[in-house]
Amino acid sequence: MRELSRLAVLGAGHVGPVIARLAIKAGYPVAIATSGDPEDIALITELIIPGAQPRWASDAMADADIVVLAIPLHRFGDIDPALLDGKLVVDAMNYWPASDGVLEPFEGRGSSEVVARRLPGSAVVKALNHIGYHELEDRARPAGAPDRRAAGVAGDDPAAVAMIADLVDRTGYDPVRLESLRAGRVLQPGGPVFGVVLTQPEFERAVRQDARSLR
Amino acid sequence: MTYIFGLDTFGDRNGDADGKPASHAQTIRNVVEEGVFAEQAGVDFFGIGEHHTEYFPMPAGDVVLAAIAARTGRIRLGSAVTVLSSDDPVRVFQRYSTLNAISGGRAEVILGRGSSIESFPLFGYDLADYEELFEEKATLFAELLKGGPVTWEGKTRAPLLNQDVVPHLESGPFPAWIGVGGNPQSVIRAARLGFSLMLAIIGGPPARFAAYSQLFQRALEKCGRPPLPVGVHSPGHVAATDEQAKAEFWPRWREIIALIAPERGFAIPTDESFDTETGPHGALYVGSPETVAQKIATNLRALGAARFDLKYGMPGLTHDQLMTNIELYGRQVIPRVRELLS
């Protein structure tokens with residue numbers, strides 16, 4: 001069997017540790033990093049994300065196949081795009097002005113489209129952003145479970161979307177593929193599936209109904 | 001272990017029996033009565049959380065706490081929380097040190113952000129600076145609590161050079177906590193600065209916070225500090241029966257979450273999500289005294305916590321309903337939890 005991709009999770013706040021734990025449980029090798037010294041998150045890793053490896057962000061990114069962005073969106077500009085060249089990038093961030101303040105470049109746009117424009121050398125996929133961090137683990141179920149829920153995977157590169165759909169599936173959700181980052185706007189705050197945890201048919205219906213209302 | 005049981009309010013605007021909203025002024029007077037009654041009912045702590053909105057008209061909780069202090073003798077009084085990032089740590093220290101003087105040493109503070117962010121634009125702060133503001137101001141607050149002249153320099157307020165800040169503490173620092181909603185780095189910060197840890201658990205299974213409690217104690221050890229208490233703050237409502245408590249709380253809860261959902265990106269609660277949250281593994285303590293007591297005891301044990309603060313009330317609930325909640329919490333829930341934990 002082929003080995004699973006190596007993951008680097010950037011961010012050890014609310015969201016990063018949850019995604020890291022789900023990925024570890026699914027069998028992925030996971031490194032976790034913040035903007036600072038890995039020593040600062042050694043204790044957090046040991047107790048909250050057992051099995052993950054705390055590393056410097058640049059090292060974690062260099063060795064990873066998939067990089068998950070789980071940092072506050074206003075810190076995204078601090079990342080050097082060159083470090084993400086050739087990587088598959090999962091954008092789990094959200095633009096949420098009422099909670100994090102207004103960021104002019106993201107106003108009225110799809111946040112992952114803005115992220116992708118800054119990362120021309122990466123394949124950007126929007127995923128794992130629309131289920132609350134306090135629910136993400138609790139709602140995860142193995143494939144085939146009757147109460148399994150759905151999670152959206154949006155991107156412009158079909159091969160990248162397929163890989164992240166596989167990751168989402170392994171972490172406990174039925175992946176629903178959306179054909180572009182533009183279409184992934186339905187996963188944003190204020191969109192029809194943000195913050196609600198739906199089954200696959202419910203999810204697909206909510207997305208379809210929203211698409212109709214936009215027409 | 002010595003357990004402390006408190007009540008917190010955000011000054012949730014009361015309704016009258018016909019559902020008409022009470023005035024802000026009346027709501028504030030009602031909070032004073034509720035605080036005084038909490039002491040009579042046997043509650044250990046009464047906390048007021050800073051908010052600046054139509055539905056939570058409570059920007060100056062320390063003034064309200066002073067009124068309660070003047071009419072009580074035993075109950076501890078504090079913020080829950082003080083939005084420190086958009087305030088001046090020197091002023092916060094002065095206000096609570098004054099409250100400490102008025103109350104004969106009963107003041108506390110819980111510092112944090114809460115889920116309340118209106119104070120940032122109101123006082124001219126940028127939410128994007130949240131981290132830096134909180135880190136600097138919490139560090140200065142820890143210095144102020146030590147007593148004695150303070151020397152401090154940073155980016156977020158004017159420097160202090162050997163500054164005497166009054167009123168002086170009478171008998172050492174008053175209890176100070178940092179409220180944390182699930183960010184492990186905030187847990188580390190509380191330990192590093194020597195604050196106690198208040199876990200704000202408002203959704204999802206409380207047991208998942210057990211690791212945070214452990215993380216806090218390990219981080220304290222690593223910083224060479226003695227153990228400090230961990231507390232839990234969660235919303236709820238107590239009435240005579242489970243059915244009555246849910247019937248009173250649910251429409252008010254749905255209404256307020258639906259109101260803030262669009263701007264915050266929260267999901268609007270459904271019957272299903274409410275049942276989950278009020279069930280044994282959820283974060284809401286809504287029910288009869290026995291139901292709520294069992295849940296509190298279970299979670300304090302699971303989390304290794306010595307303090308539980310029930311955030312009572314919700315905009316639209318009546319003052320009478322809140323007084324009943326306080327009475328049942330103080331006279332039935334607290335003794336029952338103590339019994340279950342002994």
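1. Two residues are taken to be in contact if their C-beta atoms, placed from the backbone, lie within 7 Å. Leaving aside neighbours within four places in sequence, B:Ala305 is in contact with B:Ser213, B:Val230, B:Gly231, B:Val232 and B:Leu300. B:Ala305 has its place in the loop between helix H10 (289–303) and strand E12 (307–311) of chain B; helices (H or I, at least four residues) and strands (E, at least two) are DSSP runs, numbered from the N terminus. B:Ala305 is buried, with 24 other C-beta atoms within 10 Å. A residue counts as buried if 20 or more other C-beta atoms lie within 10 Å of its own, as exposed if 12 or fewer do, and as partly exposed in between, with C-beta atoms placed from the backbone. The C-alpha atoms of B:Ala305 and B:Phe134 are separated by 24 Å, and the two residues are 171 residues apart along the chain.

2. This is a predicted model, in which local features need pLDDT of at least 70 and side-chain atom pairs count only at pLDDT 80 or more, while totals for chains, interfaces and linings use all residues. Residues are numbered from 1 along each chain as its sequence is written, and chains are lettered from A and ligands numbered from 1 in the order in which they are written.

3. Chain A contains seven helices and eight strands. A compact globule of 215 residues would have a radius of gyration near 17 Å, and the 16 Å of chain A agrees with this; the radius is taken over C-alpha atoms, and the globule rule is 2.2 Å times the number of residues to the power 0.38. Along the principal axes, the C-alpha atoms of chain A fill a box of roughly 50 × 40 × 30 Å. Of its 215 residues, 53% count as buried. Among contacts in chain A with a separation of 6 or more, 62% are accounted for by residues 24 or more positions apart.

4. Chain B contains 11 helices and 12 strands. For 342 residues, a compact globule would have a radius of gyration near 20 Å, and the value of 19 Å for chain B agrees. The C-alpha trace of chain B spans about 60 × 40 × 40 Å along its principal axes. Buried residues make up 50% of the 342 in chain B. Of the contacts in chain B between residues at least 6 apart in sequence, 73% join residues at least 24 apart.

5. The largest nonpolar core has 173 residues, and those with the most contacts inside it are A:Ile19, A:Val68, A:Leu69, A:Val125, A:Ile164 and B:Leu199. Such a core is a set of buried Ala, Val, Leu, Ile, Met, Phe, Trp, Tyr and Cys residues joined through C-beta atoms within 7 Å. Helix H5 (residues 130–145) of chain B gives the most to this core, with eight residues.

6. Helix H1 (residues 16–25) of chain A is mostly covered, with eight of its 10 residues buried. The buried residues of H1(A) include A:Val18, A:Ile19 and A:Leu22. Not counting residues up to four places away in sequence, A:Ile19 touches A:Val9, A:Val68, A:Ala70, A:Ala92 and A:Leu128. The cover over the buried residues of H1(A) includes strand E1 (7–10) and helix H6 (158–171) of chain A, together with helix H6 (184–193) of chain B. Just after H1(A), A:Gly27 takes a positive phi of about 100°.

7. The contact between the chains takes 23 residues from chain A and 24 residues from chain B. On the side of chain A that touches chain B, helix H2 (42–48) and helix H4 (97–100) each supply at least two residues. H2(A) gives the most to that side, with four residues. The residues of that side divide into 12 nonpolar, eight polar and three charged; Ala, Val, Leu, Ile, Met, Phe, Trp, Tyr, Cys and Pro count as nonpolar, Asp, Glu, Lys and Arg as charged, and the others, Gly among them, as polar.

8. Helix H2 (residues 61–70) and helix H3 (residues 89–102) of chain B pack at an angle of about 5°, with their axes 9 Å apart. That makes H2(B) roughly parallel to H3(B), a term for angles under 35 degrees. B:Asp62, B:Leu65, B:Ala66, B:Ala69 and B:Ala70 in H2(B) meet B:Arg95, B:Tyr96, B:Leu99 and B:Ile102 in H3(B).

Key
Axes fitted to C-alpha atoms, helices over the stretch in contact; angles between N-to-C directions. Parallel < 35°, antiparallel > 145°, perpendicular 65-115°, else oblique.
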